[in-house]
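Please look over the structure below before reading on. The report then walks through it part by part.

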Amino acid sequence: MTPAMTEFVDNLRAAPRRILETAFRGGAPKTDRTRSTFIFGNVFLHLHSVRVHRWTLRWSTTMGLGIASTAAFLITLVTGVLLMFYYKPYPDVAYQSIKDIHFVVPTGRFMRNIHRWAANVMVVCVLLHMARAFYTASYRKPREFNWLVGMGLLSITLGLSFTGYLLPWDQLAYWAITIGANIAQSPREITDALEITEWFDPGGFQRALLLGSEIVGEEALIRFYLLHVMVLPLALVFLMTIHFWRIRKDGGLARPDDADQQLQAPGGDVYPVFTQAPEKTYQLAAIVRGRTPAVGRGPENTVPAMPHLFYAELGVLMFTLLICVALSLVSDAPLKELANPSVPENPAKAPWYFLGLQELVAFSAFTGGIGVPSIVLLGLGLIPYLDRESTGTGRWFGGPGGWPLVRRALLVGFGAALAIEALVIRFGWIREWFPSVGQLVVTAINPGTLLTLIYGAYSVWLVKRYNSARAGALGLFTCFLCGFLVLTIIGTYFRGPNWVFYWSPGQWPKH
Amino acid sequence: MNKNKLLLLGSSLGVLVLFATAAVQENFLRGWRRVQAAGRTDAGAIPVQLRQVVNQSLRTADRCTTCHVTMGPGEEAVTGGPLFKKHPPVTHDPAVYGCTVCHGGQGAATDKEDAHGDVHFWPEPMIPVKMSEAGCGTCHAAPGIPARAELRAAQAVFERLDCRACHRVDGRGGTIRPDGGGMEGPDLTGIAVKGWDAAWHDKHVAKAAQSASGPWKTSFAPVSADDQATVTRFLQTRYGASRLTEAKSTFFSYGCLGCHRVSGVGGDEGPDLTRAGQKDPGQVDFTHVPEGHGLTNWVAEHFRAPGAVVAGSKMPPASAPEADIEQLTLFVLSLRRRELPGAYMPKDRIEVARMGRREFAADGATIYGAFCSGCHGLDGLGRVTGDEVFPSIAHPEFQKLATDKFLTETIAKGRPGRRMPGWNKEGGLRPEEIAAVVAHLRTMAGVPARTQEDTWMAAAEPMTGDPLYAASCAGCHGHKGQGGKGPALANRALLEAASDGFLRDTITKGRPGSVMPAFGEPSTIHRTLTPSDVESIVAYLRSWQGR
């Protein structure tokens, strides 16, 4: 063989090894150093910090909720792409294609179930994740902006879920979207009352923007489809990237000042803590904030993200998948009759996480669908900029008042919500008492605004009582959580045809 | 930190187990796979795979043949399970038309409950097998069906002439005889669709004359012109769905069209029934249906006790034997529709929908049965339901009084203020149909039509009738003729239709079959009116006409 030939054969033999070598720069991740290179040399992994504080890995710190949300998103992404192979976004045909996915497509039913359950798991996890971040006061400096990004992610998550609701084109979907469209149109409640709709009609514009037509039809379907499979997922990935990146840039997860003291020495199973002594001081490398590493423990009590954080992340991911798959085997995703504009669903219910709002919408579409949510979002967004304190960061229910305050706030929150709902269910509301009252009055004074006022007043009182914005925030957030729960549960389980209260669906009037 | 590793390990194993479970479920445990696994042909086991009948034009993709394999194209020979039965011979090959077009159900489904459609959220479950012919109504209109008595009469003639000796109709007759022969004549099933030779009788006669022996010689003799016409009428009802035809004739004997519209024809008192067989069981209240769910039970029970099943229903309970209720149910189930491409639109449906052909036969008895008998009774002697009294219109006394003009106008314009609607309306009766009903009323009463127009005029001074009216009539008909227990007399439609002679005779002779007494006859409970009294009252009644 000629030398060139020999070389060719050698190169051919070496090709697999070299492909691996070139794919993962810096060699096999076997030492702390190469693991670090592995992480920051990888476009995906470098969103992680190279080392992670041991506080972060405690289950009680995050309960894995953020990762679970991400995992649920990845699951919906994969199953969603698979569903797209068969789904046809056109009225009636869409319904038929879902039937085909359900009955004929190999594993189609399973994939659709997983998609549906993962979407619900995602909504739950995102909400709980937000609650976790709030109760551990993790939104504080320097993480304020990440809290805002998180709120964006929450909105997009709900948007994704809601746009997915229309796609099967069944009765459930059709009438839920009709409600959604009416909520979008609800500013007309105000403009009609002021008699300016003719000149200024944001409600009509919003509705037209949402539906692309006067009715819920093919335009609305293709719009929701595009939002669901492209616009919103891209926006979500975009914000997620920032969200993760900011965790690293903001110095990892929030932890209490005395986290190092609270943590015992790493157990024997923590390996590797460090497999080699630092070659240079981190003061110079400045990979993370902080000072020179202490002798006898890892830099700032950290362990390498690889493998410790990866085990945790993959563990949560697989656990989330396990939950989704288990639920999918037990319960099929719903599919009602083909959408029929002439047979209204009664009651037509939005997805469960919007039923709390729908409960308020029953009194005023504007207040319930736009007013109260806007106030809540605004309030949530302002939290990190109003609470500039530092006590209790990184600790559950940290801050003045602490758990006892939250406990009392739970009482107030549940109490107020239940009391108002009981009043409304037993005695009706302004419309029933004074049928001739103007729309503006009902928009301004209804259970939604009343509840918001009570919660707001309570939290202002807390601010004064504890002389702390954090105390007020703890009270307000807890109250809103209670309100959300009460309204959602009533909307889900106790509302029947014409949104009348019933103790159980068995009492619903027959047609 | 091992916690995280254990979480990863445990979850991963769990997911693996669940995936395996799902895979087993999907690939081995599905019902249809087990059904097909037992399938055999001469060549061995059949491939286990999804099977479907697709008809692009009808927009069906029916996967019923995934379990009912033998009903799919080219798979008649498969054996090995109770489901592998051949489809009974039908005009529409299931391997072409699919299944759901006729039977309903969910064609896309591959699980039994879902496919048969007895599940939540499927609006069109399968039609029960004993009601299968209801499926024909999806596309076919089957026009020209007579009321049941007429159908039975025609059938009796057909049997009497023993046409079934040689001809097979609806699966009966024309059997092979022990000595050879039989099945000499063509099968007449569905002959109303296929059409027949109008000169059949002459040809039969000629054929019989030529034959020296055999069934032609022994079995055929010329039949009378009347019988020929009756046989022809019978053949016109042979659409190949004899049970549905029978059910339809029953429907046309209970006067349902008097209150309900079907395909645009009928009354407006009750709901339109055009799609009543397609009611979504999910939208139906089964609380008062004892025999459980299913639209069939609901419809049947609703005939027995309309008010209980549908709150507020004013429909009178059908005093009908169970067999009739079953037939009425079958017919109601057949009231269904489907979007059909032009090529699939059957001729009979086009005739009914576009060319104004009637689904009921044109004879007066059938029209009376279909439209009038619900209130006036099949015998025409009226009906009392609850506190409502429907007049006896076939009573000879009444028929003797009423002129054709009076009857025709009453039917055409109705009686405003009473339940009797005017039938001269969109979706009502045509003039010739009203004339047929009038003629039928005459037949029922056995009274010939009044040929002589009534020219008698009440010449009395109207006001002399006032006190007489107040004393004898106002108790039932109201002081101002506004009606009460008896019909309103200050009623322009009535006064225009009724001649003076009719009014006079009605007062004098009464209305047998109703509470209206004969005032011309001596009685212990009312005063007797002399002819001049009656004349005064008629004149008084006339005075209301001007208003």
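How many residues does the contact take from chain B and from chain A? The contact takes 28 residues from chain A and 26 residues from chain B. Two residues are in contact if their C-beta atoms, placed from the backbone, lie within 7 Å. On the side of chain B that touches chain A, 13 residues are nonpolar, nine are polar and four are charged. Here Ala, Val, Leu, Ile, Met, Phe, Trp, Tyr, Cys and Pro count as nonpolar, Asp, Glu, Lys and Arg as charged, and the others, Gly among them, as polar.

This is a predicted model, in which local features need pLDDT of at least 70, side-chain atom pairs count only at pLDDT 80 or more, and totals for chains, interfaces and linings use all residues. Residues are numbered from 1 along each chain as its sequence is written, while chains are lettered from A and ligands numbered from 1 in the order in which they are written.

## Chain B as a whole

Chain B has 24 helices and eight strands. Helices (H or I, at least four residues) and strands (E, at least two) are DSSP runs, numbered from the N terminus. The C-alpha atoms of chain B fill a box of roughly 110 × 95 × 40 Å along the principal axes. The radius of gyration of chain B is 32 Å, whereas a compact globule of 547 residues would have one near 24 Å. That radius is taken over C-alpha atoms, and the globule rule is 2.2 Å times the number of residues to the power 0.38.

Of the 547 residues in chain B, 39% are buried. A residue is buried if 20 or more other C-beta atoms lie within 10 Å of its own, exposed if 12 or fewer, and partly exposed in between, with C-beta atoms placed from the backbone. Now take the contacts in chain B with a separation of 6 or more: 62% of them join residues 24 or more positions apart.

One residue shows such a link. B:T245 sits in helix α11 (residues 242-251) of chain B. Is B:T245 buried or exposed? B:T245 is buried, because 22 other C-beta atoms lie within 10 Å. Leaving aside neighbours within four places in sequence, B:T245 is in contact with B:A142, B:I145, B:T237 and B:Y239. B:I145 is 100 residues away from B:T245 in sequence, yet their C-alpha atoms are 7.0 Å apart.

## Domains

Domain bounds come from an automatic or database domain assignment.

| Domain of chain B | Residues |
|---|---|
| domain 1 | residues 2-33 |
| domain 2 | residues 35-122 |
| domain 3 | residues 148-238 |
| domain 4 | residues 243-354 |
| domain 5 | residues 379-445 |
| domain 6 | residues 462-542 |

The C-alpha centres of domain 4 and domain 5 of chain B are 25 Å apart.

Chain A is divided into domain 1 (50-255 + 298-345) and domain 2 (352-505). Their C-alpha centres lie 23 Å apart. In chain A, 25 residues of domain 1 are in contact with 31 residues of domain 2. On the domain 1 side, α7, α8, α9 (171-184) and α10 of chain A each give two or more residues. By class, that side of domain 1 has 16 nonpolar, four polar and five charged residues.

## Nonpolar cores

A nonpolar core is a set of buried Ala, Val, Leu, Ile, Met, Phe, Trp, Tyr and Cys residues joined through C-beta atoms within 7 Å. The largest one has 118 residues. Which of them touch the most other members? They are A:A72, A:A118, A:M122, A:A173, A:L321 and A:C324. Helix α7 of chain A gives the most to this core, with 15 residues. Apart from this core lies another of 87 residues, among them B:A300, B:A365, B:C372 and B:F502.

Leaving aside neighbours within four places in sequence, they are A:Y165, A:L166, A:L167, A:P168 and A:A339.

## Backbone details in the loops

A cis peptide bond joins A:K141 and A:P142, with omega about 5°. A:P142 lies in the loop between α7 (108-135) and α8 (144-166) of chain A. Another cis bond runs from A:N346 to A:P347, with omega near 0°. A:P347 is in the loop between α15 (305-330) and α16 (355-361) of chain A.

A:E195 is not a glycine, yet has a positive phi of about 60°. A:E195 lies in the loop between α10 (187-194) and α11 (202-211) of chain A. A:E195 counts as exposed, because it has 8 C-beta neighbours inside 10 Å.

B:S263 is not a glycine either, and has a positive phi of about 50°. B:S263 lies in the loop between β5 (261-262) and β6 (265-266) of chain B. With 17 C-beta neighbours inside 10 Å, B:S263 counts as partly exposed.
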